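Here is a short tour of one chain, written for someone who would rather look at the model than read about it. Keep the viewer open as you go.

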Amino acid sequence: MRYEPDRCRLKELYRTTGINQRMVHIITGIAESQLSLYANNKSTMTLAIAHTIAKAMNLPSSDVLYTWREISE
């Protein structure tokens, strides 16, 4: 069995953490346009980017940035 990212939770996490897209941009240097692509599920983050964003937002793990779908083989 394996997993793949299903849906990005950035918009939800912006609301619950109180850290918005602009703040994440300022902390990480990741372009707001790129953050928007992630938040709107137009692009999937690399592990390094997910880790960077998770640290900037004080999240317990980068895993919480997405809902995950199990792929049965």
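## Salt bridges

The side chains of E32 and R22 meet in a salt bridge, 2.9 Å from N to O (a salt bridge here is a side-chain nitrogen of Lys or Arg within 4 Å of a carboxyl oxygen of Asp or Glu). This pair links distant parts of the chain, with E32 in helix α3 and R22 in helix α2 (residues 21-28), ten residues apart. Helices (H or I, at least four residues) and strands (E, at least two) are DSSP runs, numbered from the N terminus. E32 is partly exposed at 27% relative accessibility, and R22 is partly exposed at 44%. On that scale, buried means under 20% relative accessible area, exposed means over 50%, and partly exposed is what lies in between (1.4 Å probe, protein chains only).

Before going on, a word on ground rules: this is a predicted model, in which local features need pLDDT of at least 70 and side-chain atom pairs count only at pLDDT 80 or more, while totals for chains, interfaces and linings use all residues. Residues are numbered from 1 along each chain as its sequence is written, and side-chain values use heavy atoms, with hydrogens and water left out.

How many salt bridges are there by this rule? The count comes to five. One of them joins D6 to R69, with the closest N and O atoms 3.7 Å apart. That pair also links distant parts of the chain: D6 sits in strand β1 (residues 2-8) and R69 in strand β2 (residues 66-71), 63 residues apart. D6 is partly exposed at 41% relative accessibility, as is R69 at 38%. E4 joins in too, as E4, D6 and R69 are linked in a network of salt bridges. Elsewhere, R9 pairs with E12, the closest N and O atoms being 2.7 Å apart, and E12 is partly exposed at 27%.

## Overall layout

Zooming out, the protein has four helices and two strands, in the order β-α-α-α-α-β along the sequence. Its radius of gyration is 12 Å, close to the 11 Å that the globule rule gives for 73 residues, so the protein is as compact as a globular protein of that length. (The radius is taken over C-alpha atoms, and the globule rule is 2.2 Å times the number of residues to the power 0.38.) The C-alpha atoms fill a box of roughly 40 × 25 × 20 Å along the principal axes.

Of the 73 residues, 30% count as buried. Among contacts (heavy atoms within 4.5 Å) with a separation of 6 or more, residues 24 or more positions apart account for 63%.

## The core

In soluble globular proteins, nonpolar side chains tend to be buried together. Here, the largest nonpolar core has 18 residues, and L10, M45, I53, M57 and L65 touch the most other members. (A nonpolar core is a set of buried Ala, Val, Leu, Ile, Met, Phe, Trp, Tyr and Cys residues joined through side-chain atoms within 4.5 Å.) The elements that give two or more residues to this core are α1 (10-17), α3 (32-39) and α4 (47-56).

Which residues does I53 contact, leaving aside its neighbours within four places in sequence? They are L10, V24, I30, L35, Y38, M45 and L65.

In α1, the buried residues are L10, L13 and Y14. They cover an arc of only 110° around the axis, which puts them on the same side of α1 (the arc is that of the directions from the helix axis to the C-beta atoms). R15 and T16 are exposed on the other side of α1. The cover over the buried residues of α1 includes β1, α2, α3 and α4.

For α4, the buried set is A50, I53, A54 and A56, and they span an arc of only 160°, which puts them on the same side of α4. L47, A48 and K55 are exposed on the other side, with K55 at a relative accessible area of 57%. What covers the buried residues of α4 includes α1, α2 and α3.

## Helix ends

Just after α1, G18 takes a positive phi of about 80°. α2 is followed by G29, with a positive phi near 85°, and α4 by N58, with a positive phi near 55°. At the start of α2, a side-chain oxygen of N20 reaches to within 3.2 Å of the backbone nitrogen of R22.

Note on methods: A polar contact is a pair of N or O atoms within 3.5 Å; within protein, one must be able to donate a hydrogen and the other to accept it, and residues adjacent in sequence count only if both atoms are side-chain atoms.
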